Amino acid sequence: MYMKLLVIVLFICHLNYAEEDAEAANLEQVFKDMDTNVNNKVTKKEVSKYLQTKGLGMEPDSDDFKRIVQSFFDSYDKNKDKAITVDEFAPKKDEL
């Protein structure tokens, strides 16, 4: 169920999967939009704030919203350091 919600979140972020180059560019822009302190890392707090702006229709304190954010981190935080880097979020073209 949460993977379906994650897919919906990605669509809400207006990602275009038509071409690999466009996908990588869109992912990089989404990452920049989430990285509010511009330290090239995204925290759960930053992801949560970003998703709140996308109108998911959920309260940020709800268990479902917290699970979506956790699922997002489980998917992208490859080294489990509690921060997502642009390389983890938007892999290079040859890594897609």
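## Rings that pair up

Rings of Phe, Tyr and Trp (for Trp, its six-membered ring) pair if their centres lie within 6.5 Å; planes under 30 degrees apart count as stacked, over 60 as edge-to-face and the rest as tilted. By this rule the count here comes to 4 aromatic pairs. One of them joins Phe72 and Phe89, a tilted pair at 5.8 Å centre to centre with 35° between the planes. Phe72 sits in helix α4 (residues 63-76) and Phe89 in helix α5 (residues 86-89), 17 residues apart, and the pair links these distant parts of the chain.

Tyr76 and Phe89 make a tilted pair too, with 4.8 Å from centre to centre and 55° between the planes. Tyr76 belongs to helix α4 and Phe89 to helix α5, so this pair ties together parts that are 13 residues apart in sequence. Ring pairs link Phe31, Phe72, Tyr76 and Phe89 into a cluster.

## A word on the model

This is a predicted model, in which local features need pLDDT of at least 70 and side-chain atom pairs count only at pLDDT 80 or more, while totals for chains, interfaces and linings use all residues. Residues are numbered from 1 along each chain as its sequence is written, and side-chain values use heavy atoms, with hydrogens and water left out.

## Buried or exposed?

Buried means under 20% relative accessible area, exposed means over 50%, and partly exposed is in between (1.4 Å probe, protein chains only). Phe72 counts as buried because its relative accessibility is 3%. Phe89 is buried as well, at 2%, and Tyr76 is buried with a relative accessible area of 14%. Across the chain, buried residues make up 35% of the 96 residues.

## The overall layout

Helices (H or I, at least four residues) and strands (E, at least two) are DSSP runs, numbered from the N terminus. The chain has 5 helices and 2 strands, and along the sequence they follow the pattern α-α-β-α-α-β-α.

## How α3 meets α4

Two packed helices are described by the angle between their axes and the distance between the axes. Here α3 and α4 pack at an angle of about 120°, with their axes 10 Å apart. (Axes are lines fitted to C-alpha atoms, for helices over the stretch in contact, and angles run from 0 to 180 degrees between N-to-C directions.) That makes α3 and α4 oblique to each other; angles under 35 degrees count as roughly parallel, over 145 as roughly antiparallel, 65 to 115 as roughly perpendicular and the rest as oblique.

Which residues of α3 and α4 make the contact? From α3 come Lys44, Val47, Ser48, Leu51 and Gln52, and from α4 come Phe65, Ile68, Val69, Gln70, Phe72 and Phe73. Contact means heavy atoms within 4.5 Å. Helix α3 (residues 44-53) has Glu46, Val47, Ser48, Tyr50 and Leu51 as its buried residues. The charged end of Lys44 sits over the ring of Phe73, 5.8 Å from its centre; for this, NZ of Lys or CZ of Arg must be within 6 Å of the ring centre and within 35 degrees of the ring normal.

## Backbone turns to look for

Just after α3, Gly55 takes a positive phi of about 60°. Lys80 has a positive phi too, near 55°, in a residue other than glycine. Lys80 lies in the loop between α4 and β2 (84-85) and is exposed, with a relative accessible area of 54%.

Lys82 is found in the loop between α4 and β2. Its phi is positive, about 70°, although Lys82 is not a glycine. At 69% relative accessibility, Lys82 counts as exposed.
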